[in-house]
Amino acid sequence: QVQLVESGGGLVQAGGSLRLSCSASRSILSINAMGWYRQAPGKQRELVADITSGGSRNYAYSVKGRFTISRDIAKNTVYLQMNSLKPEDTGVYYCNAKFENYYRDYTNYWGQGTQVTVSS
């Protein structure tokens with residue numbers, strides 16, 4: 001199990017930047033993958049970016065070149081640096097921790113979510 005605590009959301013104008021943080025209650029190297037998802041009103045939750053325990057990064061097409069996922073292993077923290085924000089980036093951002101078992105089944109844990117609002 002793992003507990004995830006997010007911070008860093010807020011209101012920003014289009015073109016601005018925000019950095020989200022997600023602190024885990026255990027070593028992030030023991031977690032198969034950690035990532036950020038977002039959910040806009042009336043829409044399904046979608047993957048924004050994730051990073052595996054080995055350091056491989058994956059981004060949604062809509063954020064490539066604008067967002068960067070990184071980690072501080074010593075602090076058990078994952079970050080999402082969001083630049084050139086657009087109104088369509090608005091939503092609740094959730095930190096995710098994904099554990100894979102021997103049978104390749106995944107167990108997901110979620111943070112409480114942090115609101116990001118981008119005004120035009």
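Let's call a residue buried under 20% relative accessible area, exposed over 50%, and partly exposed in between (1.4 Å probe, protein chains only). The model is predicted: local features need pLDDT of at least 70, side-chain atom pairs count only at pLDDT 80 or more, and totals for chains, interfaces and linings use all residues. Residues are numbered from 1 along each chain as its sequence is written, and side-chain values use heavy atoms, with hydrogens and water left out.

**Exercise 1.** Work out whether Arg104 is buried or exposed, and find its loop.

*Solution.* Start with the area: Arg104 has a relative accessible area of 64%, so it is exposed. Next, the place: Arg104 sits in the loop between strand 9 and strand 10 (106-110), where strands are DSSP runs of E, at least two residues, numbered from the N terminus. Last, the backbone: phi of Arg104 is near 65 degrees, positive in a residue other than glycine.

**Exercise 2.** Find the disulfide and give its handedness.

*Solution.* Look for cysteine sulfur atoms within 2.5 Å, the cut-off for a disulfide. That gives 1 disulfide, joining Cys22 to Cys95 with S to S 2.0 Å. Cys22 lies in strand 3 and Cys95 in strand 9, 73 residues apart. The torsion about their S-S bond is about -80 degrees, so the disulfide is left-handed. Finally, Cys22 is buried at 0% relative accessibility, and Cys95 is buried at 0%.

Conventions: Helix = DSSP H or I, 4+ residues; strand = E, 2+ residues; numbered from the N terminus.
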